[in-house]
Amino acid sequence: MPVSPFSSLAELARSLADGECSALELADMYLGRIRQADAFLHAYVHIDEASVRLQARASDLRRAAGHALGPLEGLPIAVKDLCEIQGQLTGCGSLAWADRRSTVTSSVVERLRSAGMVILGKTHMVEFAFGGWGTNPRLGTPRNPWDLNVHRIPGGSSSGSGVAVASGLAPAAIGSDTGGSVRIPAALVGITGLKTTTGLISRHGVLPLSTTLDSIGPMTRTVVDAALLAQALAGADVRDATTLGVPVADYRGALTSAPGMTGMRIVSLPQDQFPIAVTQDVQSAYRRALQLMRDLGASVLERRFPFDFGDLMRRNGQLISAEAWSQLGALARDDKAPLGDAVRARVMSGSSIGAGDYVDALSHRRRSCEQWHAWMSDVDALVTPTLPRAACSLQEVDEGATPLSAFTRAGNYLGACALSLPAGLSADGLPVGVQLMAKRFDEASLIRAGCAVQQASDWHRQTPDLAALFERR
């Protein structure tokens, strides 16, 4: 099949293996689109075209010599601007760190390179990864590509990564997730977002927001692509103690299992346990997704959740604020530092959390993780909406509110892994998503269920109409 900027990693890999295109041709395709559209979409903070083309040429030489490094060889990818790359600028979305150069390279980037991938550049993000709307008043907010007339939110904090994939400026990107920062933008821009269990993928060289809650996750067109990236990135790293003793990731069984969800047990939430009202579009998409899972052979059960989603959201936020204060408090106290007002306020809120409160919060989280794992012992996944609504306009954003994390923060607080899947479009033609949450290190169940859904639907194949954008460039 012809190569398209909206092709999946797996499709591009087949084209490379069959000699239908080269890594350099792929790189040039995406670089060309970035040159044409990124001034408008604002997905990237940094691109080095010469480096990208050199990486691609090296990949083509390895392949020609019979030394391809694996299934991801030659495939382009973008990385969030909190992943360190030695010698390069890594500003973590902040004007205050605009000139900060990395002295180390993150394990994530090392493993992408070891897999032969071509790193296109660094993507924009919410300042210090602290926000779900996707806004960045100092460096600019990426545009949700599903509306070229109204500047709609892209979701955050991995805003640029989501926009790059959704608009065909990269086939995949790396995000991070502390309270939904992979899943929120994935749902708002209509792509797949996998929040991996903390400890599955090393965070060495990834600038932290919350050392307790941060995780790394792929943002892709398909679940298959997310699994391929997670497989390549997972593994023990002595520079990140949370990865030591973690089960070895192997998703081959989930990827090669027969289509369908026969034998899987899926739990849905009673409506009265939704932590926030959802729009009719989201409700309809949620019901369609549950019905599809039933049609695919899953046993879908409605079961009362043993926690209050709203309480977990608040507790997760308290931990983020406390740990962000320890990382960024000195900067937030500096009135001359060019921080956005909302992010400064969020960091400053952590100053009021005492040591005793922090220890109690960690203890409560540990007990909750154990309770969640026990509650999930006889089921494969919990399904919820990812978000309560589709993307609003930038003018509608209330930086003092956190509605977009109502369903997502629970996954981080409970130590779960989670997956956001495209689930159709709203009446206004904007993406909506559904979320699956599973036990810690049970990404395989999410991958199996997500692959089955995407094999039986075309929601993930829908792309924004960007013809007008490219025509006018």
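Here are some questions and answers about this predicted model.

User: Which residues touch the most other members of the largest nonpolar core?
Analyst: Let's start with the core itself, which has 143 residues. Helix α2, covering residues 23-41, gives the most to this core, with 10 residues. The members that touch the most other members are Met261, Phe305 and Trp372.

User: Which residues is Met261 in contact with, leaving aside its neighbours within four places in sequence?
Analyst: Met261 is one of the members that touch the most others in the largest nonpolar core. Skip its neighbours within four places in sequence, and its contacts are Ile266, Met293, Leu296, Gly297, Ala298, Arg448, Ala449, Ala452 and Val453.

User: How many residues are in the other core, the one that has Trp133 among them?
Analyst: That core lies apart from the largest one. Its members include Leu387, Cys392 and Leu404 as well as Trp133. The count is 10 residues.

User: Is Ser102 buried or exposed?
Analyst: You'll find Ser102 in the loop between β2 (76-80) and α4 (107-114). Its relative accessibility is 4%. Buried means under 20% relative accessible area, so Ser102 counts as buried.

User: Which side chain makes a polar contact with the side chain of Ser102?
Analyst: Not counting residues up to four places away in sequence, Ser102 touches Glu84, Ile85, Gln86, Gly87, Gln88 and Thr90. The polar contact spans 2.3 Å and links the side chain of Ser102 to that of Glu84.

User: How far apart in space are Ser102 and Leu89, C-alpha to C-alpha?
Analyst: Along the sequence, these two are 13 residues apart. In space, the distance from C-alpha to C-alpha is 6.2 Å.

User: How many residues of helix α5 are buried?
Analyst: Helix α5 runs over residues 159-166 and is mostly covered. The buried ones include Ser159, Val163 and Ala166.

User: What is the relative accessible area of Ala129?
Analyst: Ala129 is in the loop between β3 and α5. Ala129 has a positive phi of about 65 degrees although it is not a glycine. Ala129 is buried, with a relative accessible area of 6%.

Conventions. Residues are numbered from 1 along each chain as its sequence is written. This is a predicted model: local features need pLDDT of at least 70, side-chain atom pairs count only at pLDDT 80 or more; totals for chains, interfaces and linings use all residues. Side-chain values use heavy atoms; hydrogens and water are left out. A nonpolar core is a set of buried Ala, Val, Leu, Ile, Met, Phe, Trp, Tyr and Cys residues joined through side-chain atoms within 4.5 Å. Buried means under 20% relative accessible area, exposed over 50%, partly exposed in between (1.4 Å probe, protein chains only). Helices (H or I, at least four residues) and strands (E, at least two) are DSSP runs, numbered from the N terminus. Contact means heavy atoms within 4.5 Å. A polar contact is a pair of N or O atoms within 3.5 Å; within protein, one must be able to donate a hydrogen and the other to accept it, and residues adjacent in sequence count only if both atoms are side-chain atoms.
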